[in-house]
Structures are given as structure tokens and as C-alpha cells.
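Biologist: I would like to learn how to read a model like this one, feature by feature. Could you give me the general idea each time, and then the case at hand?

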Amino acid sequence: MNALKKVKKLGTSGMIYRRGQQIVLENERSKEHVAVKVVMYDSLQGWMAENGDGDWQWYREIKQDSDPKDWEYWKFIKKAGT
């Protein structure tokens, strides 16, 4: 029973984004929320996700030194429907 409690409290460091999973992301600049379906996740690039129109787009999570200044960055808010 003790092990189950520890597993449930992984936090964001233990989050796994699976293909087809629906999540809500927040734009760090405009605070806009968007619900997307995950196509692929990369710890450096962020989420490749499908928006409501069926278009695929990168939602970048981590700012890198080589990134242009006008790129928008997103953070995970919650799984969609929760």
C-alpha cells in the first residue's frame, strides 16, 4: 500500500505524454489555454500536437539559446477532461 502512494505522487517530473492523449497547454506570454491531442513529445522540443482544426504544430516547452526571440512557449496545465 505504501508503494502505491509513492507512485501516485510523481509530479510533473514523472509525467508521460502518450500519443493520442488529450492535454491542455497554456501559452506563457498570452496565458491562452488550448486543448490538443499529443502526436509526439520530446523533452527538449516540447509537444508535437494536433489542434482542433486537425493541424499539427510544435508547442515548445523549454527555451533554448538558439531559438528565435519571437517563438511562443507553452506549459502543461492538465489532462483534458480532468
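Biologist: Which residues does Asn-27 touch, not counting residues up to four places away in sequence?

Modeller: A contact means that heavy atoms lie within 4.5 Å, and by that rule Asn-27 touches Glu-32, Glu-72, Tyr-73 and Trp-74, once residues up to four places away in sequence are set aside. Please keep in mind that this is a predicted model, in which local features need pLDDT of at least 70 and side-chain atom pairs count only at pLDDT 80 or more, while totals for chains, interfaces and linings use all residues. Residues are numbered from 1 along each chain as its sequence is written, and side-chain values use heavy atoms, with hydrogens and water left out.

Biologist: How many residues apart in sequence are Asn-27 and Glu-72?

Modeller: Asn-27 and Glu-72 are 45 residues apart in sequence, yet their C-alpha atoms are 7.0 Å apart in space.

Biologist: Does one say that Asn-27 is buried or exposed?

Modeller: Buried means under 20% relative accessible area, exposed over 50%, and partly exposed in between, with a 1.4 Å probe and protein chains only. Asn-27, which lies in strand β1, counts as buried because its relative accessibility is 1%.

Biologist: What does the side chain of Asn-27 reach?

Modeller: A polar contact is a pair of N or O atoms within 3.5 Å; within protein, one must be able to donate a hydrogen and the other to accept it, and residues adjacent in sequence count only if both atoms are side-chain atoms. The side chain of Asn-27 has a polar atom 2.8 Å from the backbone nitrogen of Arg-29, and the side chain of Asn-27 also reaches the backbone nitrogen of Ser-30, at 3.3 Å.

Biologist: How many bridges join strand β3 to strand β4?

Modeller: Four bridges join β3 (residues 46-50) to β4 (residues 56-59), and in β4 the bridge partner of Met-48 is Trp-58. The two strands form a hairpin with five residues between them, and Gly-54 in the turn has a positive phi of about 90°.

Biologist: How many aromatic pairs does the count come to?

Modeller: Rings of Phe, Tyr and Trp (its six-membered ring) pair if their centres lie within 6.5 Å; planes under 30 degrees apart count as stacked, over 60 as edge-to-face, and the rest as tilted. The count comes to five aromatic pairs. One of them, Tyr-17 with Tyr-41, is tilted, at 4.4 Å centre to centre and 50° between the planes, and this pair links the loop between α1 and β1 to strand β2 (residues 33-42), 24 residues apart. Tyr-17 is buried, with a relative accessible area of 13%, whereas Tyr-41, at 28% relative accessibility, counts as partly exposed. The rings of Tyr-17 and Phe-76 have centres 5.5 Å apart and planes at 65°, so this pair is edge-to-face. Ring pairs link Tyr-17, Tyr-41, Trp-47 and Phe-76 into a cluster.

Note on methods. Two strands pair if DSSP finds at least two bridges between them.
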